Amino acid sequence: MASTQSSYVRAQMIAAEPPPPGVTGAAHWLKTNLFATPKDTILTVIALLLLAWYVPQVLNWLFFNAQWMGTDRSFCATVVQSGGSQPEGWSGACWAFIGSRFDQFIFGRYPIDERWRPTLVGILFVALLVPLMIPKVPYKGWNAILLFVVLPVVSFFLLVGGVFGLRHVETSLWGGLMVTLILSFVGMAVSFPLGILLALGRRSPMPVIKTLCVTFIEIVRGVPLITVLFMASVMLPLFMPQGVTVDRFLRALIGFSIFASAYMAEVIRGGLQAIPKGQYEGADSLGFSYWQKTGLIVLPQAIKIVIPGIVNTFIGMFKDTSLVSIIGMFDLLGIIRQNFADVSWASPVTPLTGLIFAGFVFWIFCFGMSRYSMFVERRLDTGHKR
């Protein structure tokens, strides 16, 4: 009897069958996504017509009719006559302006013979950041210490100088992409741990700590970043002892980091509130202390939940660095706009070309952060199929 029943047990799985012929291929994708309904078909046709009319003009202006080489505005301030009944218009983008001022856009007014120092800092930054972002590379702890502790100290002495025979370079000469990256990196590195402490303090059962954290967060989040930068640049020196001054760039770093930490605290607090109560109770039942429970159980889960919010805050911080031009410092966008006043490159197409270049650089960094955050989310996603 047992052998009769076991004869109905399958020894191997049935091989997967191919999908029906009508649900695969490019034709199926087009039908499903672009031509599923009459309304979708109309919208798709309109979009294709607009692209067919607009994209060639954009490509002509950006690339084919653009001025790639030149030494002054005469190469870009030229008028071209379109054929037929089309009106006259200016030539394409003035990429010669970008090429001529590229070094200044990267380093600002940093002395030319000393620009090897920020270049070396950039190389060290990339060399430490890339292994930290690759999951399979070992020694993540040492890598993080070198990136977030050792590198800032080394970068300070390299960029500022005045020691070890290096020429002193005032921060007023800094500018361009270098300032944008320094402000954003320091802001991210400071705001993340400070935001965690503020979020934990806001949820603390101790009234004094909770009140202080809530007051700090609500006050900073309730004012614009420009106000914080003005206060850090103008009012901070008033609270310093007589004869003690604070570097203007350092003031901007402090104001920027304080502002970012308040927003980061609310992002982290949202993740802490999303953790089920059972996680806290389970850690308590195992006899964990508060810091063990927070560091080993609660905080890792909370951070994983709010990765999109954290990256969104980082992207906002990276773009907000352009506001430091209000207090007399020139990041990438500020240094590009400053060069619009250069009479040797003044032309109708120069400002638009510079702004497109700045927007493209900002987009590259923001898009890279966004894509990497999606990779981290997929890797840490333990509740769904990948």
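This is a short chat about a predicted model.

Visitor: How many cavities of 30 Å³ or more does the structure hold?

Guide: One.

Visitor: And how much space lies in the largest cavity?

Guide: About 30 Å³.

Visitor: Which residues line the largest cavity?

Guide: The lining is made up of Gly-108, Arg-109, Ser-172, Trp-174, Gly-175, Phe-330 and Ile-335.

Visitor: How do the residues of that lining divide into nonpolar, polar and charged?

Guide: Three are nonpolar, three are polar and one is charged. Arg counts as charged, and Arg-109 is in the lining.

Visitor: New topic. Where is Ala-189 found?

Guide: Look at helix α8, which covers residues 177–202. Ala-189 sits in that helix.

Visitor: Is Ala-189 buried, partly exposed or exposed?

Guide: Partly exposed. Its relative accessible area is 26%. Buried would need a value under 20%, and exposed a value over 50%.

Visitor: What separates the C-alpha atoms of Ala-189 and Ser-257?

Guide: A distance of 8.6 Å. Along the chain, Ala-189 and Ser-257 are 68 residues apart.

Visitor: Now the helices α12 and α13. At what angle do their axes cross?

Guide: Roughly 160 degrees. Helix α12 spans residues 277–285, and helix α13 spans residues 290–305. Their axes come within 10 Å.

Visitor: So are α12 and α13 roughly parallel or roughly antiparallel to each other?

Guide: Roughly antiparallel. Angles over 145 degrees count that way, and this pair crosses at roughly 160 degrees.

Visitor: Is the crossing left-handed or right-handed?

Guide: The crossing of α12 and α13 is right-handed.

Conventions:
Residues numbered from 1 in each chain as written. Predicted model: local features only at pLDDT ≥ 70, side-chain atom pairs only at ≥ 80, totals over all residues. Heavy atoms only, no water. 1 Å grid on protein atoms, 1.4 Å probe; cavity = no way out; pocket = protein on both sides within 12 Å on 5 of 7 lines; lining within 4 Å. Points joined across faces, edges and corners; volume = space filled by probe spheres on them. Helix = DSSP H or I, 4+ residues; strand = E, 2+ residues; numbered from the N terminus. Buried < 20%, exposed > 50% of the residue type's maximum accessible area, 1.4 Å probe, protein only. Axes fitted to C-alpha atoms, helices over the stretch in contact; angles between N-to-C directions. Parallel < 35°, antiparallel > 145°, perpendicular 65-115°, else oblique. Left-handed = near helix turned anticlockwise from the far one by under 90°.
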